[in-house]
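Please read the following note with the sequence and the model at hand. The points are numbered for reference.

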Amino acid sequence: MKEVMKEVIIYTDGACSGNPGPGGWAAVLMYGEHLKEISGYMPETTNNRMEVFAVIQALGLLKQACKVTVYSDSAYLVNASLQGWLDNWQRNGWKTSKKEPVENQDLWRSLLSLMKPHDMRFVKVRGHADNEWNNRCDKLATGQIKQHATKKGGETAE
């Protein structure tokens with residue numbers, strides 16, 4: 001008898017003040033009636049790195065193979081999966097269609113490794129719209145940037 005996989009929903013977002021600049025990431029994981037929020041900060045990064053890093057951090061919390069749906073407003077993240085970019089990059093030795101090295105390879109490789117045991121699906125949501133959980137992730141990610149800027153007495157761009 002095949003065991004039914006737990007279904008986990010993950011919302012993620014990344015933010016950057018300047019690009020590159022100080023960045024924040026966030027994820028909200030949902031399983032049944034359980035909800036967990038995680039977020040963090042990096043002093044020098046890019047928005048794309050934060051978008052991918054948020055999913056890595058969320059998947060790293062899962063202790064067993066699950067059916068995972070990731071909701072993100074990042075076209076970069078979602079298209080890498082849905083449009084086959086990840087498969088093409090691997091097949092082409094981590095080169096783009098223009099024969100240039102893929103950016104953020106370190107994160108993409110980590111993400112691929114963490115995705116392996118799971119049944120993964122990515123869904124694009126509209127950013128800064130009416131999606132409660134995307135907005136929550138945005139608030140957590142930008143909050144990390146503001147919190148660290150305040151600690152250093154610095155200003156952040158909106």
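What pLDDT does the chain average?

1. The chain averages a pLDDT of 92, and 94% of the residues score at least 70; pLDDT is the predictor's confidence in each residue, from 0 to 100. This is a predicted model, in which local features need pLDDT of at least 70 and side-chain atom pairs count only at pLDDT 80 or more, while totals for chains, interfaces and linings use all residues. Residues are numbered from 1 along each chain as its sequence is written, and side-chain values use heavy atoms, with hydrogens and water left out.

2. Over residues 154-158 the pLDDT stays under 50. Where pLDDT is low, the predicted coordinates should not be read in detail.

3. The largest nonpolar core has 33 residues, of which Ile10, Val52, Leu59, Val68, Trp108, Leu111 and Phe122 touch the most other members. Such a core is a set of buried Ala, Val, Leu, Ile, Met, Phe, Trp, Tyr and Cys residues joined through side-chain atoms within 4.5 Å; buried means under 20% relative accessible area (1.4 Å probe, protein chains only). Helix α1 (47-59) gives this core its largest share, eight residues. Helices (H or I, at least four residues) and strands (E, at least two) are DSSP runs, numbered from the N terminus. Apart from this core lies another, of 12 residues, including Met30 and Val123.

4. Not counting residues up to four places away in sequence, Trp108 touches Val52, Tyr76, Leu77, Ala80, Leu86, Trp89, Trp94, Val102 and Glu103, where contact means heavy atoms within 4.5 Å.

Conventions:
Buried < 20%, exposed > 50% of the residue type's maximum accessible area, 1.4 Å probe, protein only.
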